[in-house]
Every structure is written in structure tokens, then in C-alpha cells.
Amino acid sequence: MIELICVDLDGTLLSNEKDISKRNIEALRCAREKGIEVVLASGRRYASIFPYTKIIGFDCPIIAYSGSYIRYSDIDTPIFHKKMPWEYTVELIDMMIDRVDLIGFYLEDRFHIQEENERSHMYEYRTSMKSIVVPNLSGFLRNKKEDPTRVFILSETLGENGLYYELSEKFSGKLDFVSSWSSFLEAGALGVSKGNALRLLAKKNGWNLMNAVAFGDQDNDIPAFEVCGMSYAMKNATETVKEKADFVAPSNEEDGVAVILERLMR
């Protein structure tokens, strides 16, 4: 019996045009009517996820920033928010600012960057937000001395230059890193993941995660797969994600989430 559905957004529930199909909406509403909990879990910031609760038509828990932030869509404050130390963030920015196509940090649910470029405009379009430009990114954080929620890095050569492994080794015991999409890399506080966020929600609500099903397509979805009793990688997922999942669902362009939910809820 399914008790919980944890679903990723980009490349999973959303089409390539960033909308939710009628079939996916109906499947989620049907699940909710049957008493099944629905959790939206994404690497996006909270304000970029929240509008989709209006589209599906009901309030639900939201896991944002790949697990750094958890909030119910019908309340005003998070139930969990683990930030990364600003000192490590400054060190990371100074190390990467001239080596990657885009780097920025999330502070108070707003994305801060040093300068606008083609990559920042692409990211703004993808996440439906406007960035805050500050003249000196690390200097700005040094002055504020406030801990950000997440750092986002975009590099077209991410997979070629071993940046993930370099940074994971450099900041071992300080920050955690996870890749999402071939050119996206996120940095966050230690121990943050979609899987640990689900554990927290399950403990708070008395859910049995062995009766949960998770859907995803990128590396940051794997921790959710590991804690749920059933997991589906989308057909468009990376090969690594498919290997970690129990099953493969049709692609996000084929209403894969709905196809599987319709079968499971028969």
C-alpha cells in the first residue's frame, strides 16, 4: 500500500516546458483523495516550488534546495532550515569565481551573483526568478556575515574537469556537494539531502517510508531512492540514477509519473 509519494520537479513531474500535464495533475489529485501524502522535492528554492502547489490544487510539504529547507506550503515558516557557514562559502566562491560559468549563493530565498551573463539569464528563466547582482560576491558575504542556504555552480565542463571530486575533497568535513544535470553542481551544509529531509518528515508525521515511492532523474534524487520502499528513475534520467532506482518510468515528456501512479493505485 502506498502511503507517500515523493516527486522531483525538473525532468520528472515537469515537462521540458516547465509545466505539469493534466494527466500528472489528475494522478496526484487522485492519490491525495485516496489519503496518500504528496511531497514535492527539488533542488530549486522554495519560492520557485511553491507555485506548483497551486497548479496541483492542494497544499503539501515542500523539500527545497535538495533538502536544506523544508516547509509546508500552507504555513509561513520552515520546519527545517540548515544553512552553510558563510566562511566556507566565501572560500568556495573565491576558489571558483574565475573557473566556472556561473556561481552564486541563496540568501533569504534569493539568488545572489556577481554579474549577469548568458548563463545567469538561462538559470533565471529555468527557475522563474530574478537574481540579485552584487559587485563583489565574496566581499558582500564577508560584510554581512550571514550563512546562506545553498551555493549553485554552473560549469559546462563539470564532468570533464572533475570539479565535483576536487571540491568534495577540498571541503571534506565542511560542505556536501551534489550534481544535478550535467553542468549543475550544488553545495550545502553537511548531512543535507532529500533522503534526510524525508526521514525528518516521516518522523514528524508518523509515515512509514517503506510504503513510500520516489520519482527522480538526477543525482540529488538518489538519497530519496535510498530511504523509500520503491523508487522510479525517469527514462530521461542519467544512467547512474537508473542504476540506483528499483524501476524505470516513462520520461517526463510521456507523463511518466502519472503512468506509474495509475498502475500503483488500481
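Start with helix 5, residues 86-96: its buried residues are W86, T89, V90, L92, I93 and M96. Buried means under 20% relative accessible area, exposed over 50%, and partly exposed in between, with a 1.4 Å probe and protein chains only. Helices here are DSSP runs of H or I of at least four residues, strands are E runs of at least two, and both are numbered from the N terminus. Seen down the axis of helix 5, the buried residues fall within an arc of 165°, so they line one face. That arc is taken over the directions from the helix axis to the C-beta atoms. What covers them includes strand 6 (102-107), helix 7 (137-144) and helix 8 (163-170). Contact means heavy atoms within 4.5 Å.

A word on the source. This is a predicted model, where local features need pLDDT of at least 70 and side-chain atom pairs count only at pLDDT 80 or more, while totals for chains, interfaces and linings use all residues. Residues are numbered from 1 along each chain as its sequence is written, and side-chain values use heavy atoms, with hydrogens and water left out.

Next, a helix pair. Helix 2 (residues 22-33) meets helix 12 (residues 256-264) through R23, N24, A27 and L28 on one side. On the helix 12 side are V257, A258, V259, L261 and E262. By class, that contact has six nonpolar, one polar and two charged residues. Ala, Val, Leu, Ile, Met, Phe, Trp, Tyr, Cys and Pro count as nonpolar, Asp, Glu, Lys and Arg as charged, and the others, Gly among them, as polar.

Now the cores. A nonpolar core is a set of buried Ala, Val, Leu, Ile, Met, Phe, Trp, Tyr and Cys residues joined through side-chain atoms within 4.5 Å. The largest has 43 residues. I5, L13, L40, F111, F152, F215 and L261 touch the most other members. A second, separate core of 24 residues includes C6, Y72, F225 and A233. Leaving out residues up to four places away in sequence, F215 touches, among others, I5, C6, F225 and L261.

Last, the loops. Which residues sit in the loop between strand 14 (247-249) and helix 12? S251 is one, and D255 is another. S251 is buried, at 9% relative accessible area. Not counting residues up to four places away in sequence, S251 touches M234, K235, N236 and G256. D255 is buried too, at 18%. Its phi is positive, about 55°, although D255 is not a glycine. Most residues other than glycine have a negative phi. D109 also has a positive phi, near 65°. D109 lies between strand 6 and strand 7 (110-113), and is buried at 18%.

Terms used
Axes fitted to C-alpha atoms, helices over the stretch in contact; angles between N-to-C directions.
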